[in-house]
Amino acid sequence: MEKPEKKTRKRKIVELSDTDKPAPKRRLAMKLVDSGETSGTQSKPKKNIVKKSETKKRTVKKEPKTESENDLENCNAGQDTQNDEYNNYLNEADMLSYFEKIPPYLARKFISLLSDGCTLPFIARYRKEAVDHLMPDRLQELYDSYQNVIQLKKKVKSVLETLKKSNKLTPEIEQSILNAKNLSEVDLVYSPLKSHSLSLAERARNLGLEPHAISALNGGYVDLNKLCDGTDELSSFDKVETHVTHIVADIIYKDTRVLQQMRTLKEETRFILQSSRTKSSTKEKKESDNKKPDSKTDPETYKLYFDWKCPVNFVKCYQTLAVNRGEDEKILSVKVVIPDWFYNKLERYCLTLWKSGHWVRKGLGDAYNRLIKPWLSRKVRSDLTNAAQKEAVKTFTANLEKYLLTEPIKNRKIAGLDPGFKAGCKVGIIDTTGAKLDACNIYPNFHNNNDPAASQLINLLMKHRVELIGLGNGTACRQTETWLKKHHISDNIPIIIVPEQGASIYSISKEAQKEHPNMDPNLISALSIARRVLDPLGELIKVDPKNLGVGLYQHDIPPKMLETALDGTVEKVVSLVGVDLNTASQAMLRRISGLNEGRAKKIIAYRQNNGGFKSRAEILKVPGIGKITYQQCAGFLKVLGGSEPLDTTIIHPESYAVAKSFAKKIGVNIKELTQPHFPQQVEMKTSNIDNFSMSKNLDTDVSTVELIINAFKQKAYEDNMITFCRPVYSMTVQASEQLEKGMSLTGVVRNVVPFGCFVDCGVGDNGLIHTSNMGNANLKLGDRVAVTIITTPRPKKLQLKLDKILN
C-alpha cells in the first residue's frame, strides 16, 4: 500500500549487537528514526492506490552493526530472524518515551538501571542524578508504564505468531498490528481474525473478489452483475455487493493512517457515559420485597446511577468503578454514547485517501457499525476503567504509606486490649522491645460496679508496670473505654485507640503461629494491637495490606495489580526507614530493597549462628547474597556498634571513600559520628558550603554530597522515621443508638478517598465527610477532627460535616 506524504512515520531497523559479552546470547535493540512529520501533522494526504496484499513486501533496511547502551532484548543466537525483526521494531525505550512523554535518553537510562537489577527505592535514593531527580511516585509510574510496554510487546508477538500459523498474516495486517499503540488497538485488528472460521473479508477474498474490490475503491468501474456466477455465494447482485463491501471495509479500517486518524479523533471527541437500571433488577426487587436484601446486591445501592449520564472527561474514578460493579451485578445497563461527529469526520478523512466516494462510504459504514463503533465503546470503557483502577491504587498506596509511617511510641511497656462482648476482652502485654510479658482473657461486666475483671486487670498492669494501654477500635471499644474509666484503671495510664483492622486475620496466619507457637489466636491479636503502638511499621507489615481498611473499591481492582502496587509501597516505606541488621524481623528484612523471603531467612540464620553482624560488608558472607543484592540492600541496613561508623548511616558503602574525604575537607572526625556533638558540628561547618563545587572536588555528583551531609547531621541511632500521623488519644464518644442529627462528635480520619474521607468516631462503622462538607480543609490519614452529624444515621450511612481539625 503506497503511503501518503507527510503522514507516515517510517521506521528504519538497525541491528545492534554487544560483541563484548562472552555469553552465548547476543543482545539486540532497535532504533526508531522519524523520517516524516509527527502524527499531529494534519496535512492532506494524497489519493491512495491500493495494491493486492499478496504482492506487497515489507522492506527492512540493514545498517552496519553498532554498540548501544540501551540494548534490552536478549535473543538466542539460533532464533529465527523474524523474531529479531519483531524485537527491533518495538523498542522498549522509545515506546516508554512515547507513552510517558519523557526524553528518550531518560527512558533508556531508567530501563538500563532496571536491567542491571536496581530497585525503585535504590534508584530513588542512590541514583538520583541518573534519573533527573525524579520523585519516587514518578519512578513508580514509569515502572508501571514499562510493564505495560513489555505486556504490549508480548501480546503483539503472540498475535503475529498465531496469525502466521493460521496463514492469516498479510503484510497489511502485520503493519497495522506493529503500529498499534496499546492492547485495544491490537484487538481491533485481531478480533475479526481470532476465530478458526474465516472472517467476512476472508470469505469474500476466497471468492476471488479482492482485485475487483481494490479496483472499485481506487475509482475503477466494476460491473457487479458480471460477477454473478450462479453459485450460492455469488448468486445475486446484492450478495456480490455485500462481499465487495466487506473487503473494502477490511482495507479501510486496517489502514494504519485510518487507525492514526481514529486515535486522533478519539482524543477530540466528547463521549458520554450513560447508565440505567436493568429490567431484570426491577423484577428481582419485586420478587424479594419481603426479604431483607443483601447490601452488596441491593439495587437501591445504585439508585444514583438508575438514570445517569456524564461526559467521559468528567467521570470520577469512583463513579466508573461503581457503574462497572453495578453492570457486573446486572443491576445497571451501561453504554457509551458516540456522537455522529466522529463518523462524519472520519468519513471526510477517508474520502481523501481513496478515489471512490461511493465505496468509501459503503465500506466505512460497514466497518464502523460492525467493528469500529464497538471497538470505540470498549476502548472508552477500558480507558475509564484503567484510569479508575490506577487512581484507586494510588489512593490505596498513599493511605497505606501514611498508615505504615505512623509515629511509634517507644521505650514503654504497653498493654494491648482486644475488646469484645461474648468472648471477653483479650489482654496482651509487651516490654519495651515488643517481647511478650503476659497474655490472658478477662471478662468485664459493663454493668457491675464491683467487677472482679477490673481487679484482675489492675493487678496485671501493676505487676508488669504498664505505662500505656492500646485499645482496639472494634466491637465493644466504647463500652470497654467507659469501663476502664469507671473503675479508674485509666486514671494514671493513658489510653490510645488503635485501629485493629487485620489484627484478627494476622493472628491466624502461619507467620503469627510461627512467632507464637500453640498460642490462642485471640491473644496473639491483643499482642499485635500493643505492638502497633510500640512499632507500627514492624507490626503492620505482617498483615496483608488489603486487610488494613485504607483502600477504595479494592475488590474491583485486579488482584495482581493491587498486590504489586501494595508490595512496592511496603518495600518503599521499609527501605526509607531502614532497619537494624542485627534486630530486624524476617517480615522487615524481606521487604528491604533487593531482599526476599529466602534471603531474609538466610540473613537471620547467619545472624544466629555467628552472633550477629559486625559490619554491612559481612552480608556478603551470607549464602545466596552476591554483589548485586548487596548493592541494592546495603544502604537500607544499619549495623550499630560495629567497627565502621558509616554503617549506622544511610550512606551507601560505594560512597564511603567520598564520605571520608568530605569529612576531612570540613574538618570532622568520622570516629565521632555517633557522639552527640557531631551533628551540630557538621551543621556549623557545612552552612556555607557550595555543594556543586564540593561535588567537583570530590569527583562525585551533587546528590551524593547532599546525602552525605544529611546523614552526618542525623543524630546517632535516631530512626529515619517520617511523622505523617500520630497515635490518637481517646475522646468521649456516644453509643451508636444515641446518635442524632446535629450531634457533635470527635474522631480520627482512618481512610482518605477522592470523594472525601472516612472518620472513626467510635460508633462502629466509620462516618463519611464528603468533599462538599469539608470546606477548604485538606484532611490526612490520622488527623483528629471535630464533626457534626448531618443525616439521621443508618447502618453504614453516617454522614458528617467537618467543624475543625483538632490539635
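This is a predicted model: local features need pLDDT of at least 70, side-chain atom pairs count only at pLDDT 80 or more; totals for chains, interfaces and linings use all residues.

Analyst: The chain has a mean pLDDT of 82, with 84% of its residues at 70 or more.

User: Why does T119 count as buried?

Analyst: The cut-off is under 20% relative accessible area. T119 comes in at 17%, so it counts as buried. T119 sits in the loop between α3 and α4 (120–126).

User: What makes the T119 and S593 pair a polar contact?

Analyst: Distance is one part of it: the limit is 3.5 Å between N or O atoms, and the side chains of T119 and S593 are joined at 2.3 Å. Beyond four places in sequence, T119 is also in contact with E571, G594 and Q632.

User: How do you know that the length of α16 agrees with a helix?

Analyst: Helix α16 has 12 residues (452–463), and at 1.5 Å a residue they should span 16 Å; the end C-alpha atoms are 17 Å apart, so the two agree.

User: Which residues of α16 are buried, and why are they said to be on the same side?

Analyst: The buried ones are A453, A454, L457, L460 and L461. They cover an arc of only 125° around the axis, which puts them on the same side of α16. In general, an α-helix has 3.6 residues a turn, so residues three or four places apart point the same way.

User: What does the buried side pack against, and what is on the face turned away?

Analyst: The buried residues of α16 pack against β6 (414–418), β7 (425–430), β8 (436–442), β9 (468–472) and α17 (477–486). The face turned away carries exposed P452, N459, M462 and K463.

User: What is found at the start of α16, and what follows the helix?

Analyst: A side-chain oxygen of D451 reaches to within 3.1 Å of the backbone nitrogen of A453. After the helix comes R465, with a positive phi near 55°.

User: How many residues are in the largest nonpolar core?

Analyst: That core has 110 residues, and F110, I123, L589, L637, I651 and F712 have the most contacts inside it. A second, separate core of 57 residues includes L188, I251, F342 and L384.

Technical notes. Residues are numbered from 1 along each chain as its sequence is written. Side-chain values use heavy atoms; hydrogens and water are left out. Helices (H or I, at least four residues) and strands (E, at least two) are DSSP runs, numbered from the N terminus. The expected span of a helix is 1.5 Å times one less than its number of residues. Buried means under 20% relative accessible area, exposed over 50%, partly exposed in between (1.4 Å probe, protein chains only). The arc is that of the directions from the helix axis to the C-beta atoms. Contact means heavy atoms within 4.5 Å. A polar contact is a pair of N or O atoms within 3.5 Å; within protein, one must be able to donate a hydrogen and the other to accept it, and residues adjacent in sequence count only if both atoms are side-chain atoms. A nonpolar core is a set of buried Ala, Val, Leu, Ile, Met, Phe, Trp, Tyr and Cys residues joined through side-chain atoms within 4.5 Å. pLDDT is the predictor's confidence in each residue, from 0 to 100.
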